[in-house]
Amino acid sequence: MKNTPKNISIEKLYPFKVQDNEEMNALIESIQEQGILSPLLVRPKENTEDEYEIVSGHRRFRAAVKAGMKEVPALIVPLDRDAAAIAVVNSNLHREHILPSEKAFAYKLKAEALNHKGWRTDLTSEQLAPKLATEQIAEDVGTSKDTVKRYIRLTNLIQPILDMVDEGRIAFTSAVEISYLQSEEQEMLLSEMEYSECTPNLSQAQRLKALSMQGSFTKEQLSAIMSEEKANQKERVKIPVDRIRKYFPPSYTTAQIEETIVKLCKAYHRKRLRDRDSR
């Protein structure tokens, strides 16, 4: 490793994906005022001249780009691709805020690197990643190997659906099930979600996965499943009880009040129909 940082053009650096958020905005302001106080760590790219992959400092790089800097200070380290991949993942997975997609591709990248470095290649029945590699990743980040495998599954999602997972519009558990759909089936699902303005819950995602695995996934079955009314998507009218309690006997329960309101609505509807027909 060189002891003295070298200024490297941002055009010659290849970063890891990072998230723009309030923390990034604060980092941009800090860099604009004080510059980059701690140099990035980079490694030379194979078969190139003066091009580098960032090992550590991806957020500082992103902030420097957004701050309008043309060069950044960096220390060049002699790491091979697999060692660099592991270092990149380790430095990024311990951030406080990390997107599901970032975790997914980071876990996959590290699993592949561990595989290349001689870890056993016996795969699970789901063919997700080297078994012992996922166990090591789980130990490193303090989670279970099954959770690591589920995150790696997300790398099979098409980008628009993966973006919806990052945005919190699709639950993680549902997204894992959706990842088993073929790309064209995911495209069909995306169109259906946009048309019906809803996303599949876990039960629906599991049934879609089963159809795909059986080779019987069709647009008609997709529409039938997605058109089901979900409890959290039912329209509701909420009226504070203190607004209407005075109109009912003190002994009335909430259920009795609700039933009376429905009866009054039906009576009102019948009156409207009579008034319309009498005109």
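1. Basis of the model. The model is predicted; local features need pLDDT of at least 70, side-chain atom pairs count only at pLDDT 80 or more, and totals for chains, interfaces and linings use all residues. Residues are numbered from 1 along each chain as its sequence is written, and side-chain values use heavy atoms, with hydrogens and water left out.

2. Helix α2. Within helix α2 (residues 58-66), the buried residues include His58, Arg59, Phe61, Ala63 and Ala64. Buried denotes under 20% relative accessible area, exposed over 50%, and partly exposed the range in between (1.4 Å probe, protein chains only). Helices (H or I, at least four residues) and strands (E, at least two) are DSSP runs, numbered from the N terminus.

3. Confidence. The protein chain has an average pLDDT (the predictor's confidence in each residue, from 0 to 100) of 79, and 77% of the residues score at least 70. Among the elements, α8 has the highest mean pLDDT (96), and strand β2 (residues 13-14) the lowest (59). Over residues 119-130 pLDDT stays under 50, and the model has 23 contacts beyond four places in sequence for this stretch. Contact here means heavy atoms within 4.5 Å. Where pLDDT is low, the predicted coordinates should not be read in detail.

4. Aromatic pairs. The count comes to 3 aromatic pairs, where rings of Phe, Tyr and Trp (its six-membered ring) pair if their centres lie within 6.5 Å, with planes under 30 degrees apart counted as stacked, over 60 as edge-to-face and the rest as tilted. The ring centres of Tyr107 and Tyr151 are 5.7 Å apart and the planes are at 85 degrees, so this pair is edge-to-face. Tyr107 belongs to helix α4 (residues 100-116) and Tyr151 to helix α6 (residues 145-153), 44 residues apart. Tyr107 is buried at 4% relative accessibility, and Tyr151 is buried at 14%.

5. Because Tyr151 lies in helix α6 and Phe172 in helix α8 (residues 172-178), the pair ties together parts that are 21 residues apart in sequence. Phe172 is partly exposed, with a relative accessible area of 25%. Tyr107, Tyr151 and Phe172 form one aromatic cluster.

6. Charges over Tyr180. Arg153 lies over the face of Tyr180, 3.8 Å from the ring centre, and Lys209 lies over the face of Tyr180 at 3.9 Å. The criterion is NZ of Lys or CZ of Arg within 6 Å of the ring centre and within 35 degrees of the ring normal.

7. Helix packing. Helix α7 (residues 159-166) packs against helix α9 (residues 183-196) at an angle of about 55 degrees, with the axes 9 Å apart. The contact is made by Pro160, Ile161 and Met164 of α7 with Gln186, Leu189, Leu190 and Met193 of α9. Leu189 is buried, with a relative accessible area of 0%. Leu189 and Ile161 are 28 residues apart in sequence and 9.1 Å apart in space, C-alpha to C-alpha. Axes are lines fitted to C-alpha atoms, for helices over the stretch in contact, and angles run from 0 to 180 degrees between N-to-C directions.
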